Every structure is written in C-alpha cells, then in structure tokens.
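Have the sequence and the 3D view ready, and try each task before reading its solution.

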Amino acid sequence: MDAKWSKLYDDHAPHVRAILYRMGIGDELDDLVQECFIKAWKGLESFRGESSLKTWISRIAVNVAHDHFRRKGINIGSEELDEETLAAASIEPGDSSAQDVIRRALEALSFSHREVLVLHVIEEHSVEEVGEILGIAAGTVKSRLFHARENLQKILERRGFRYE
Amino acid sequence: MNEDQNRKLDEFLRLNAPAVPPAPNNQKELIWNQLARAQTPWWSGWIPQIKIVLPVATALALLLVVVHERKASRDREIERVLASALVFQIEEAEESPF
C-alpha cells in the first residue's frame with residue numbers, strides 16, 4: 001500500500017467520517033467515506049495548497065453529502081424551520097441522553113443550518129474555512145450560524161432541555 | 001442570542017455531538033484496492049496471456065514456415081530429377097538410329 005495514501009487516510013478519515021455522519025448520513029456512511037477518499041486521491045494532484053488539506057477534504061465530504069441528498073430527493077436548500085418539523089423534533093420519548101437530543105435536533109434543522117453547525121461548532125473549522133468549504137462568503141456563514149443557533153435553541157426549549 | 005448564550009450552546013453541542021460509529025477495520029485496504037483496480041489500464045489483464053500466447057504462436061508460425069519450405073524444396077528436387085530424366089530420354093531418342 002502506498003505510504004502517501006496511508007497517511008492521507010489515517011490523517012483525515014475520522015474527520016471525514018464525522019462530518020458525513022453528523023450531517024445525517026446513516027446506512028451509507030461507509031460507502032460515502034469511500035467515495036470521498038477516491039475523489040480526494042484522484043484529485044490530490046490538482047490540490048494547490050490554497051487552503052489546508054483538511055479544509056479541501058472537508059469540501060469534498062460536503063459535496064459528496066450534497067450529491068447523496070440530491071440523489072435521495074432531499075431538499076437541501078431550505079433554511080426554514082416550520083412548526084411541523086419543530087414538533088416532530090420534540091416528541092421522541094426514547095431520547096434519554098443529551099446526545100440523543102442533539103442528534104434529533106440536528107436532524108430537524110435544515111441542511112444548510114446543520115452543516116454550518118457541524119463544520120464550525122463540532123468540527124471546529126473557522127468561519128472563513130466553512131466559507132471555503134461551502135463556497136459562500138464568511139458573512140453568509142455568520143448569518144447562517146446565527147439562524148442555526150436560534151433554531152437549535154428553539155428545538156431544545158421545546159423539549160424543555162436546558163444547557164446552561 | 002448574546003455571545004455568552006452562543007458560547008454555552010456551542011459548548012453543549014460540541015460536548016454532546018452524536019458519537020460517530022467506528023469505521024470497518026479494513027476500510028483503508030478496501031479503498032486502496034478499489035483505487036488500484038481503477039488505476040490499472042484495461043489492457044493490462046492481457047499481458048499474462050500475451051506472455052504465453054506470443055511464444056506459442058511464434059513457434060507454430062516458424063514450424064509452418066519450415067514445413068512449407070521443406071515441401072517446396074522436395075518439390076523442386078523432384079522437378080529437377082524429372083527434368084533431367086526427360087532431357088536424358090530426349091538425348092537418347094535423338095542419338096538412336098531408329
């Protein structure tokens with residue numbers, strides 16, 4: 001096995017896997033991780049180092065997730081959190097731990113809100129990096145983060161969950 | 001939401017982020033094998049066959065050439081003998097007083 005490949009996989013697989021899973025990929029997680037790394041390896045020669053390798057691979061992961069949701073017919077454009085979604089996010093009696101609550105809340109958020117929270121808050125990319133990954137301006141990232149936090153808080157309040 | 005609320009919410013989210021299921025142990029090898037297969041040119045599978053087929057075909061072709069050449073050589077020899085015999089018969093006939 002190529003040493004360069006081994007390093008690429010070892011350095012970035014946990015991060016890629018986490019992004020995909022937390023963005024809502026379930027059963028097809030392994031397949032999509034594989035798709036990401038095939039794309040990354042094939043595109044590695046064209047990587048010019050304008051961003052960090054981690055940001056570049058994260059961008060591939062996000063694009064793979066977008067393609068996956070589009071193939072499934074899931075709308076990833078909407079940013080609205082309607083009452084129905086909010087209610088659905090709040091009525092799972094089996095959710096006992098804070099992790100369950102967060103998972104349910106992230107699933108209820110719109111795709112664009114979920115991805116900024118996952119990338120910035122959980123995976124700890126800077127606002128500028130999230131902008132590069134998603135191909136949007138840093139100002140747009142901040143605006144999405146603002147609304148995403150607001151909606152997340154609404155969901156947590158609906159469940160009577162206090163995090164302070 | 002103010003800065004402090006944001007910070008607390010972010011911290012809560014980070015600490016309680018959904019746990020990621022572990023990757024299969026052999027995923028790195030599986031992906032590498034797939035990449036290796038994809039990088040192999042379509043005709044490379046023919047190389048082992050060519051290594052066997054080419055010498056056999058060459059040997060057969062040489063054998064055919066040798067057999068053909070031997071047959072042609074024998075035919076030429078027969079023709080030469082027949083021609084000599086014919087010339088001899090003609091000369092005999094010319095020298096004969098009858």
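pLDDT is the predictor's confidence in each residue, on a scale from 0 to 100. This is a predicted model, in which local features need pLDDT of at least 70, side-chain atom pairs count only at pLDDT 80 or more, and totals for chains, interfaces and linings use all residues. Residues are numbered from 1 along each chain as its sequence is written, chains are lettered from A and ligands numbered from 1 in the order written, and side-chain values use heavy atoms, leaving out hydrogens and water.

**Exercise 1.** Find the average pLDDT of chain A.

*Solution.* Chain A averages 86, and 85% of the residues score at least 70. Next, compare its elements: helix 4 (residues 83-88) of chain A has the lowest mean, 58, while helix 7 (residues 127-134) of chain A has the highest, 95.

**Exercise 2.** Work out how helix 6 of chain A and helix 1 of chain B are oriented to each other.

*Solution.* Start with the axes (lines fitted to C-alpha atoms over the stretch in contact, with angles from 0 to 180 degrees between N-to-C directions). They come within 10 Å and cross at roughly 90°. The two helices are therefore roughly perpendicular (65 to 115 degrees). Now look at the contact (heavy atoms within 4.5 Å): Leu117(A), Val121(A) and Ile122(A) meet Asp10(B), Leu13(B) and Arg14(B).

Terms used. Helix = DSSP H or I, 4+ residues; strand = E, 2+ residues; numbered from the N terminus. Parallel < 35°, antiparallel > 145°, perpendicular 65-115°, else oblique.
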